[in-house]
Amino acid sequence: MDLLLIAILSPLALSLAMVLGLPKAVARNLAYVGFAIPAVIGIWLWCQYGAATKESGYAFLTSYDTGLSGLGINLTLGLNGIAMPLFAMAGIVGLAAGLYALQSAAERLNQYVLLLLVMQGGLMGVFASVDVFFFYFFHELALIPTFIMVGIWGGRDRNYAAMKMTIYLTVGAMLSLIGLIAIYYTSGAQTFDMIALREAVADQGLSTVAQKNIFGLLMVGFGVLVSLWPLHTWAPLGYGAAPSSVAMLHAGVLKKFGLYGLIQVAMPLLPQGAQHWALILATLAVVGNVLVVGIITIAQRDLKQLVGYSSVMHMGYAFLGIACISLVGVGGVVFMMVAHGFSAALLFLLATSIHHRTQTFDLDEMGGLVKHAPVLSAFFVAATLASIGLPGFANFWGEITIFVAAWKVFPVLTVIAVGGVVISAIYGLRAAARVFFGPQTEAFDKVLEEKPAADLSWSEKLPALILLVSLLALGFWPKLMSDSINESVTEIYTAAEAVEPVDVARN
Amino acid sequence: MSTELLQQAAASNQWVAIGPELMVGCLALFLLLLEIVLPKSRYEMIPSIAIAGLLGIIAGFIMNYHTSFIGETTFNGLLKHTGTGQFLRLFFLLAATGVSVLGVVALKRQAMPKVEFFAITLVVTAAMMLLAQSNNFVMLFVALETITVGFYILVSYTRTNPLSLEAGLKYLIMGALSSGILLFGIALLYGAGGSPGLTASSADSMNFDNLRVFLYANPDNIVAAVGIVLVLAGVAFKIGSVPFQIWIPDVYQGAPTPVSAFLAIASKAAGFAVMLTLVTVFDGHQKLVIGVLSVMAIATILFGNLAALTQHNVKRLIGLSGVSHAGYLLIGVIAAIHVPFAVGAICFYLFAYLLGSLAVFGVMTHVSGDDDAEQDLDHYVDLAKTHPFLGAVLGVGLGSLAGIPPLAGFMGKLLVFLAAFEAGLYGLLAVAIIGVVLSIYYYFGWIKAAFFPQWRPPVFEGDDPIPDPPRQPVGMAAGIVLATCALASVFLGFYQGPLGAWLGLS
């Protein structure tokens, strides 16, 4: 049995331990194991990746028949240079989210951890799948627990938020599914295997009309899932209501499904379609996500909503990089996806830790927390700087690469996007200043009287540290993943560019 | 008729081929006999005998699943044994078992005769099994009427409840009307197919094989075309699709919950068995059939989903959601005209629907009070907290019905959609997608009621306390059925192996 399958199945299997009525300590330890295995496997495979033998660009390739092979559906697992860092990121963020959840005081903790483990299994599956069908399948497997967890353990407006998320994300997922099925049939390959699909398209591309339509469908479908403006309204609301570990996993990892789908599936298979939609996508991303949402973010008073909006805003950069349709741009997006996974998760974690101390998310009722929790404030400032994209953090490399790529294609939009960095600096630093520095508000005085604020405990510090170290490691040593990304992106995209669409070839 | 012909006809009476049906029928008679023989105090063992007998028949059936009769016609062309027919026979047996178990739970609380329910269920099951294999309009109509007459009794079983009686009356009127339309269509087809002036006419045009040949030879015959439309409309009553869907919410609400389950699962599947047969028979008039079924599918999906959005009574809700499922399945039927694997997809869908529905109806029988018709969403408050088992089963069942991965219902929908895509039914697919998205709202609303902490009005001193929602303890048999349905729904979502192979999907 190969490691990829173990990484997917072990959280799923260990989730059952939560309902077997085991003693509390045993169940908790099994849950730790369930979160640790994927992370360890992710890091281990990262180390092994360079030396591993690769078939059609994929390392660790295995395939299992689940009973639908007649329709070209097989559970095919493997990692290429794009999937590998995201797979490891999913494992590491999952571990951090799991550790944070297990130390929390959530009601019915067992059921909460059970759903988190199911989600974790799905997340690992998303990035390990070479089969487009299972790629979608695992996404849904991770998505459904999200809705339930928001509904049960969520904060303010949880019922409304859960319902809204469910409907938005189901629409997005359905549209993507139809787009993927359309590729399945129009490519003539009659298979969901990504490698076979790429080979089929390499022989003969899809017609331009089909490419345009299918890419449009996928752009909207994935766009909803990744919170592309103006389809983003579920995101801040949902993240505002979601319990912290769920927000970490969804904003950090699961949301990358849509971007990953565009990069791995849509753009290589539908290059003409991507060209057709590029300008629209870039405009929506920069004007909508970066500018409009950025300004909205500045106006936020609720810390968690602010973090949610900022995560929506940063997706604008990712879409801009995709719209460049160049090796540099796509490479930058992959780098940024990994970096944003860590930084968004870290911010959600710290926001909840702040809430524990201030009993509120309202920025106007905080202030002066640095005196009581210096370590927490150091973490928060670091996370904010990372999310702005300061050199030294992984996000910097992603953003700078995207800007370099975009300058060649969309100079005006790039200028606006770079201006967005200033916007994120404004709201990020303002939030840090409001929470930690400045005079202590009366409201906060009252809270402190009832419950004095302590600094980060080790059980909170450890998951935060895991995420911060990952950000710094990739920030100072980007080569850790840039080589493998570069290799795979080059392989997939140069092959795709060489293909002429059918109708041109026939004339 | 010469003796030779008679002998030939007699020789084709392969009684072994309908062994399972005969056994189910005999079991029904045996139950009635027991009612006479046994003293009243021992009556409670009769349902157990029915269930045990059904399990025995299922076991025997599975062992002889690949009978030598597949591909043959028996009883002088009345029956045709096919792989799909085999699968559906097993399907009806399983459905009857599940419904009988639910019946035990539900009847316990009612002062109603306890034995007839099981006997009638068995007779209806036998008729459904025959229906799935019928190859002749006479056979089809007799089997269909046996089912419908059985349901007239079952629907109004709790005869002290006015809602149940109303449901029975509505079912009777709509059923009689649709039977009349069906019969009229059959008569037209018979007349057209038997008129000697037309090419390929036959003296025995009730037979599907002859009719098929006739329709191929006369693609422009108006009388036959009218007959086809009327027959399809008549069958629409069984599957609960437009134009005969309006009875569903009232009948589902009034009928005892196990009967609603039986209607939802087996009666619908029986209708689709007929549809699948008829679509091949009417192949000569493909364009007309596709047109009629497409309109039916679109109207059914939109009606079912939109009407279900505002329901608070869960029986009405599940009934209307069943209407929308009929719509998705109709898309599969249309696809089956061109795409062979669509038949397997429909069977998979039906099986997933069986598991999901049985799970949900099973939970409903445990969350209903003395008045079976009053089952409100509010009764589900905190179900997951106080009864985690029922909550989990309900969640899996509803998720599967909503078509959420990784559950079996999602695979069923996916397979049907794949088939529809291959057949090029893009417009219908778009409608189906809209339907699925709409359905998320009401399925999720139900899950929300059962799982999410709900706000409750405070009770002040002097007010009457809010009564606790009704909950029944889960017995062993019901527990096994519910757990099996839920686990199988999960398992089939991940691994379709043997079932996929049976249905020709791998």
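Reader: Which residue in β3(A) is the bridge partner of A:Tyr64?

Author: The bridge partner of A:Tyr64 in β3(A) is A:Leu75. This is a predicted model, in which local features need pLDDT of at least 70 and side-chain atom pairs count only at pLDDT 80 or more, while totals for chains, interfaces and linings use all residues. Residues are numbered from 1 along each chain as its sequence is written, and chains are lettered from A and ligands numbered from 1 in the order in which they are written.

Reader: OK, and which way do β2(A) and β3(A) run, and over how many bridges?

Author: β2(A) and strand β3 (residues 75–79) of chain A run antiparallel and are joined by four bridges, with A:Thr62 partnered by A:Leu77 in β3(A). Strands here are DSSP runs of E with at least two residues, helices are runs of H or I with at least four, and both are numbered from the N terminus; two strands pair if DSSP finds at least two bridges between them.

Reader: What about β1(A), how does it pair with β2(A)?

Author: Strand β1 (residues 54–55) pairs with strand β2 (residues 58–64) of chain A in the antiparallel sense, over two bridges, and A:Lys54 has A:Ala59 as its bridge partner in β2(A). Together β1(A) and β2(A) form a hairpin with two residues between them, and A:Ser56 in that turn has a positive phi of about 45 degrees.

Reader: So what's the strand order in the sheet?

Author: The order is β1-β2-β3 in chain A, an open sheet of three strands with antiparallel pairing. β1 and β3 of chain A stand at the edges and each has a single partner strand, so one side of each is left without a neighbour in the sheet.

Reader: Switching topic, how many residues of chain A are in contact with chain B?

Author: There are 23 residues of chain A in contact with 26 residues of chain B, where contact means that the C-beta atoms of two residues, placed from the backbone, lie within 7 Å. On the side of chain A that touches chain B, α5 (132–153) and α6 (158–186) each supply at least two residues, and α6(A) gives the most, with 10 residues.

Reader: And how does that side divide by class?

Author: The side of chain A that touches chain B has 14 nonpolar, eight polar and one charged residues. Ala, Val, Leu, Ile, Met, Phe, Trp, Tyr, Cys and Pro count as nonpolar, Asp, Glu, Lys and Arg as charged, and the others, Gly among them, as polar.

Reader: Now helices: at what angle do α12(B) and α13(B) cross?

Author: The axes of helix α12 (residues 286–309) and helix α13 (residues 314–336) of chain B cross at roughly 155 degrees and come within 8 Å. The two helices are therefore roughly antiparallel to each other. Among the residues making the contact are B:Ile290 and B:Leu293 of α12(B) and B:Leu317 and B:Tyr328 of α13(B), and by class the contact has 17 nonpolar, seven polar and no charged residues.

Reader: How are those angles defined and named?

Author: Axes are lines fitted to C-alpha atoms, for helices over the stretch in contact, and angles run from 0 to 180 degrees between N-to-C directions; under 35 degrees is roughly parallel, over 145 roughly antiparallel, 65 to 115 roughly perpendicular and the rest oblique.

Reader: Then how do α13(B) and α17(B) pack?

Author: α13(B) packs with helix α17 (residues 408–422) of chain B at an angle of about 40 degrees, with the axes 9 Å apart, and the two are therefore oblique to each other. B:Tyr328, B:Ile331, B:Gly332 and B:Ala335 of α13(B) meet B:Lys413, B:Val416, B:Ala419 and B:Ala420 of α17(B).
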